[in-house]
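Let's take a look at this structure together. We will begin with one residue and then move on to the place where two chains meet.

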Amino acid sequence: MPLKLLVTAKRVEDPESRIQVKPDGTGIVTEGVNYKLNPFDEIAVEEALRLEEQHGGEVVVVSIGGARAVTELRAALAMGADRGIHVRHDGPLDPVVVSALLAKVFEQEKPDLAILGKQSIDDDQNQAGQYLAERLGLGQATFASKHDSLESEAEQKRLPGLAVSADGTRVTVVREVDGGVETLEVRLPAVVTTDLRLNKPRFASLPGIMKAKKKEIREIPAASLGVDLTPKVAVRKLAAPPARKGGVKVADVDELVRKLRDEAKAV
Amino acid sequence: MRRRMPGLDPFTEDHQAFRRTVREFCERELAPHARAWDAAAEFPRALFRTFGELGFFGIRHPPEWGGTGLDWWYVVAYAEELVRCRNAGLAMAMLVHGEMAIPVIADLGTDEQKREFLAPAIRGERIAALAISEPDAGSDVAALRTTARRDGDDLVVNGAKTWITNGARADFLTLAVRTGGPGHEGLSLLLFPTDTPGFQVSRTLEKVGNPSSDTALLFFEDCRVPARWLLGEENQGFYHVMANFQGERLVAAVQAVAGMQLMVEDALRYAGERSAFGRPLARMQVWRHKLAEHLTAIEAARWLTYRACDLLQRGEPAVKEISMAKLFACDLAQRVAYDCMQLHGGMGYVLETDVARAWRDVRVMTIAGGTSEIMKEIISRAAGM
């Protein structure tokens, strides 16, 4: 059974860039910062492409954001996704709004499976996938992983870690939990979020980058989707972590314990 | 309304998207193995396939042979980012294959030659080497002595080649041979499959730098290959070789500039972290000024290189500018490497530090692909001396 897969592609700050908090604490300095496709979403795109290779179907990527979000959609299309949807919104977002917008796109597209990164590496909230499943009343499997290692033969052959049944009604998901792994079976349509060890995403090839230019990206103004675009959460203040102070050398364990108790107040 | 002049930046968003792919691939998949591959004196052969799948070998070549048919600036972006694999031997091997040994097939080859040699090389399935230098003729191409004598429908090759990058691994060679009389009028290019009886890899040379790339001495004894593997016109090989050198030298200049940029980035980071006499090296005027000088010179080298690429891309005469770019960038790289290593102090002398390996590997750049002295000869002739 061919599968229709809806995958998220969020634009995030490249952690290799120098990230600085604005002096007034309202955000980060965006000048000189590079952006990239959220690595967890990259894994989601890779998983969708593998499922498509196995079952046939279509991979649709969706990104919510300003004009520049098209770059990340193109990156996902260059990996091999078939078409893109750009939900155009220039203001601030939170997971409540994001999941409401994604739910509208889901209702329009009617995919068999939505695959999202478990979180985005900018604010690490880890909520959009869960909210989305709840809004749609669908089953969810978060933190999808797999038994095979990323060095295994299955991984070299780019086999999917998610197992969709031949009749296309269920997906089996191995997920990481404290102290082990859990295997869930979820009825389709469903929402899955990806963890780090699900797969190693492919690099976009040069022919892939060129083909991506010709693929369709449909822009939908966020305001047209009938969703309350007011974030429920506002960022009050951002601050850089305190600079690490130089260490001191201690002569023996007694001195260490004394300093931990009297100076660091740690014991 | 004021008219705005177009900017000089030759890279479009598409070039930059490709640049990101090359950079991420190099940093994630190659750089973590850089030292191990140096220690093993080789890198996995399978990487040629990977490069092929990513489209790195077919950048400028026509789509009908598996290429992408793009411009020189994609090659520049590729060569610039490739230095981030932190293994100069690997970078050289890949550039020799994709940018030195096979473009001449795309330019001059018959359809049969493109099907047999170019297409599988673009896919990374057949590895190519460019075999020109000989034990008695390096820079002096017109003095080559390896012969290819006609015998019916075949050519019979005898002779030796040396300093051949990919020589031990190559599935075929783009080989310069003497088919006619002495001097530059008697040379031809020949596609030479290395499974031809009588061909022998005499030994892999132990080099100062680039340890992961195989550099070989090759022997040919009555090697019989079909005459239809002659590439381009018979006895016009000298001109084909000289034309092919232009792309090779441009790529060498690009690599030198990108390599320097990386060394200075490393030095800047280290200078910020490392303190001596109570303050970071980056606060010391001697190093601040030294690095400022190098950054300025690197910027000049970059734009000389881009100027040469612009001429080549537009099909204008570019020999003088390409020779200048190679001369300037590769010479400068020696001084930049020296100073960046010096700044690292003792850490600069241990091979676990990237700059130490870069210092060792950069040395070949004023020698390979035409020495600095040859570049000066070309430039002085072009200036009418």
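In this predicted model, A:T194 belongs to strand β11 of chain A, which covers residues 190-194. Is A:T194 buried or exposed? A:T194 has a relative accessible area of 0%, and because the cut-off for buried is under 20%, A:T194 counts as buried. Leaving aside residues up to four places away in sequence, A:T194 touches A:F40, A:I43, A:A44, A:I115, A:L116, A:G117, A:K118 and A:A144.

Now let's turn to the contact between the chains. Chain A brings 13 residues to it and chain B brings 17 residues. About 1,400 Å² is buried between chain A and chain B, with 60% of that area coming from carbon and sulfur atoms. Which three residues supply more of chain A's buried area than any other three? They are A:F203, A:L206 and A:M210, which together give 46% of the area that chain A buries against chain B.

| Link between chain A and chain B | Count |
|---|---|
| Salt bridges | 5 salt bridges |
| Polar contacts (both residues at pLDDT 80 or more) | 3 residue pairs |

One salt bridge pairs the side chains of B:R28 and A:E42, at 3.7 Å from N to O. On the side of chain A that touches chain B, helix α6 (residues 206-212) gives the most, with 4 residues. By class, that side of chain A has 6 nonpolar, 2 polar and 5 charged residues.

Technical notes. Residues numbered from 1 in each chain as written. Chains lettered and ligands numbered in written order. Predicted model: local features only at pLDDT ≥ 70, side-chain atom pairs only at ≥ 80, totals over all residues. Heavy atoms only, no water. Contact = heavy atoms within 4.5 Å. Buried area = accessible area lost by both parts, 1.4 Å probe. Salt bridge = Lys/Arg side-chain N within 4 Å of Asp/Glu carboxyl O. Polar contact = N/O pair within 3.5 Å; in protein donor to acceptor, adjacent residues only side chain to side chain. Helix = DSSP H or I, 4+ residues; strand = E, 2+ residues; numbered from the N terminus. Nonpolar A, V, L, I, M, F, W, Y, C, P; charged D, E, K, R; others polar. Buried < 20%, exposed > 50% of the residue type's maximum accessible area, 1.4 Å probe, protein only.
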